[in-house]
Amino acid sequence: MSSELLNAVNQIAQAAGERIMDVYATDFEVVQKEDKSPLTQADMAAHETIVSGLEKLTPDWPILSEESVNIPYSERANWQRYWLVDPLDGTRDFVKRNGEFTVNIALIDEQKPILGVVYVPVTGVLYFAAVGAGAFKRLPGQSPTPIRVRACPKDRLTVAGSRSHGGEYLQKFVDGLETEVKLVSFGSSLKMCLVAEGEVDVYPRFGPTSEWDTAAAQCVVEQAGGFLTDMQLQRLRYNAKESLLNPYFLVFGDANKDWLRYVGVSS
């Protein structure tokens, strides 16, 4: 995967982030989509910026965005390589103005994410990765630094949970870990990136997500040496079925720990 392509996608994600922040500074309107999830002008502004940028960059590759019109599986099934985009991951966090939302852009090839960019508009932090290139974090005004998952500490585990989705399954998972647990809550794909950079040991997701929610961060996690799997520890795949919903999943860095032992549910 060329560094030129990765750099170009980084720039597109940041441009989308600027559009999001323009709306963030206003008294924006919130409407509900058919699935009752929120939608704002920022979602659409970021969507338009990303789609326009990717179409210029790679005009022959299809784009599937959360804010796209519905594309039937009969058409998608023929795609080998395509862009998978969440223009604003964490719209609920955007509405709450807590800063924990991201721009997610992934390149999928043969059902696997081979390039991923996660940009945090409020802080300007950028996570990016590509197969063969590694995984990186860039702070505003600084050079990118490589990131890597960590081995689980012996005396305490740090577990990430969702601000909007947690519940009894998460509590059962935490209670079953048989060690001291520090539970941290974040919105959007930030939780997965924290695993990738070795700040968090595991993020169990017992709640609904779609493929655009995980693809970009999955690439970052995997290129940092970690894993994003279903509850049977099988790697998540993309565009492999008609539904775009993910199963419940785990994100972890240390494969030497028997995570299956602590999972009491599956989707």
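In what order do the seven strands of the open sheet run? I looked this up in a predicted model. The order is S3-S4-S5-S6-S7-S8-S9, and the pairing is mixed.

**Entry 1: the sheet.** I checked the edges next. S3 and strand S9 (145-146) stand there, each with a single partner strand, so one side of each has no neighbour in the sheet. S7 (residues 125-130) and S8 (residues 134-138) pair in the antiparallel sense over five bridges. I looked up Ala 129 and found its bridge partner in S8, Ala 135.

**Entry 2: helices on the sheet.** I turned to helix H2 (residues 41-57). Helix H2 packs on the sheet and touches S3, S4 and strand S5 (102-109). Its direction makes about 155° with that of S4. Helix H7 (residues 211-223) lies across S3, S4, S5, S6, S7 and S8. H7 runs at about 100° to S6.

**Entry 3: the annotated site.** I read the unreviewed UniProt entry. Its "binding site" annotation covers Glu 66, Leu 88, Asp 89, Gly 90, Thr 91 and Asp 213. These residues are spread over 148 residues of sequence, yet they cluster in space, with a largest C-alpha distance of 12.0 Å. The lining of the largest pocket includes Glu 66, Leu 88, Asp 89, Gly 90, Thr 91 and Asp 213.

**Entry 4: two residues of the site.** I found Glu 66 in the loop between strand S3 (63-65) and helix H3 (73-76). Among the residues that Glu 66 touches are Lys 33, Leu 88 and Trp 212. Is Leu 88 buried or exposed? Leu 88 counts as buried because its relative accessibility is 1%. Leu 88 sits in strand S4 (residues 81-89). Its contacts include Ile 20, Glu 66, Phe 94 and Phe 101.

Technical notes: Residues numbered from 1 in each chain as written. Predicted model: local features only at pLDDT ≥ 70, side-chain atom pairs only at ≥ 80, totals over all residues. Heavy atoms only, no water. UniProt positions renumbered as here; feature names shortened; annotations may be inferred. 1 Å grid on protein atoms, 1.4 Å probe; cavity = no way out; pocket = protein on both sides within 12 Å on 5 of 7 lines; lining within 4 Å. Helix = DSSP H or I, 4+ residues; strand = E, 2+ residues; numbered from the N terminus. Contact = heavy atoms within 4.5 Å. Buried < 20%, exposed > 50% of the residue type's maximum accessible area, 1.4 Å probe, protein only. Pairing = 2+ DSSP bridges. Axes fitted to C-alpha atoms, helices over the stretch in contact; angles between N-to-C directions. Lists of a residue's contacts leave out its neighbours within four places in sequence.
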